[in-house]
Amino acid sequence: MEENLEYMQQLTEEYKEMAAPLLKYLPWFERSGGQAGNTFYKGSDFNEHSMAIPVYDANLMNFVKEASNSPLMDRNYPYVYTRNRIKTHDDERKAIERAGIREWDILRGILSKYVLGGRTKSVLWSQGLQENIFYLVLKQMRQIVEYWDKSRGNE
């Protein structure tokens with residue numbers, strides 16, 4: 001029993017360190033949820049043969065950059081989706097809501113899809129913001145860490 005408690009304490013500390021740098025974006029995601037997170041640049045010589053270039057919000061890009069370099073990224077995120085039968089945004093939201101400390105990898109996988117997947121399909125960054133995925137994942141991570149911190153007496 002003591003070994004299990006020690007392991008949970010160690011795990012909580014590890015998860016806390018992983019999530020802490022990204023939690024500073026939580027208030028911004030809460031305010032900006034449901035918004036596009038990007039605009040399209042159309043220069044003065046824009047015409048029907050021109051291509052509009054997406055310009056992303058600076059906070060979103062800072063989050064993506066910081067998250068990309070964090071240990072929360074899981075390059076095998078497609079496996080998380082297939083293993084857990086996650087196909088839609090609603091499936092993602094349900095998985096996030098149900099996640100506890102044992103499902104931390106599911107949260108990492110969902111976050112990774114939007115951050116790492118956005119490198120090749122940048123619309124994912126906007127979707128992560130519009131669908132509140134970034135907000136929900138970070139909020140759930142914070143709740144998990146706070147719960148386990150509180151249960152071991154570290155407030």
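**Stop 1: a hidden ring**

Select Phe 63 to begin: with a relative accessible area of 0%, this residue is buried (buried means under 20% relative accessible area, exposed over 50%, partly exposed in between, with a 1.4 Å probe and protein chains only). You're looking at a predicted model, where local features need pLDDT of at least 70, side-chain atom pairs count only at pLDDT 80 or more, and totals for chains, interfaces and linings use all residues. Residues are numbered from 1 along each chain as its sequence is written, and side-chain values use heavy atoms, leaving out hydrogens and water.

**Stop 2: its partner**

Which kind of aromatic pair do Tyr 25 and Phe 63 form? An edge-to-face one, 5.4 Å centre to centre with 75° between the planes. For rings of Phe, Tyr and Trp (its six-membered ring), a pair needs centres within 6.5 Å; planes under 30 degrees apart count as stacked, over 60 as edge-to-face and the rest as tilted.

Colour by helix and you'll see that this pair links distant parts of the chain: Tyr 25 sits in the loop between helix H1 (2-23) and helix H2 (26-32), Phe 63 in helix H3 (residues 58-68), 38 residues apart. Helices (H or I, at least four residues) and strands (E, at least two) are DSSP runs, numbered from the N terminus.

Next, select Trp 28, Phe 29, Tyr 114 and Phe 134 too: ring pairs link these with Tyr 25 and Phe 63 into a cluster.

**Stop 3: two helices crossing**

Show helix H6 (residues 104-117) and helix H7 (residues 123-130), whose axes come within 7 Å and cross at roughly 140°. Here axes are lines fitted to C-alpha atoms, for helices over the stretch in contact, and angles run from 0 to 180 degrees between N-to-C directions. Who makes the contact (heavy atoms within 4.5 Å)? On H6, pick Lys 113, Tyr 114, Val 115 and Gly 117; on H7, pick Leu 124, Trp 125, Gln 127 and Gly 128.

Stay on H7 and highlight its buried residues: Leu 124, Trp 125, Ser 126, Gly 128 and Leu 129. Just after H7, click Asn 132, which takes a positive phi of about 60°.

**Stop 4**

Finally, pick Tyr 147, exposed at 53% relative accessible area, and Trp 148, partly exposed at 25%. Their rings are edge-to-face, 5.5 Å centre to centre with 90° between the planes.

Definitions and conventions: Contact means heavy atoms within 4.5 Å.
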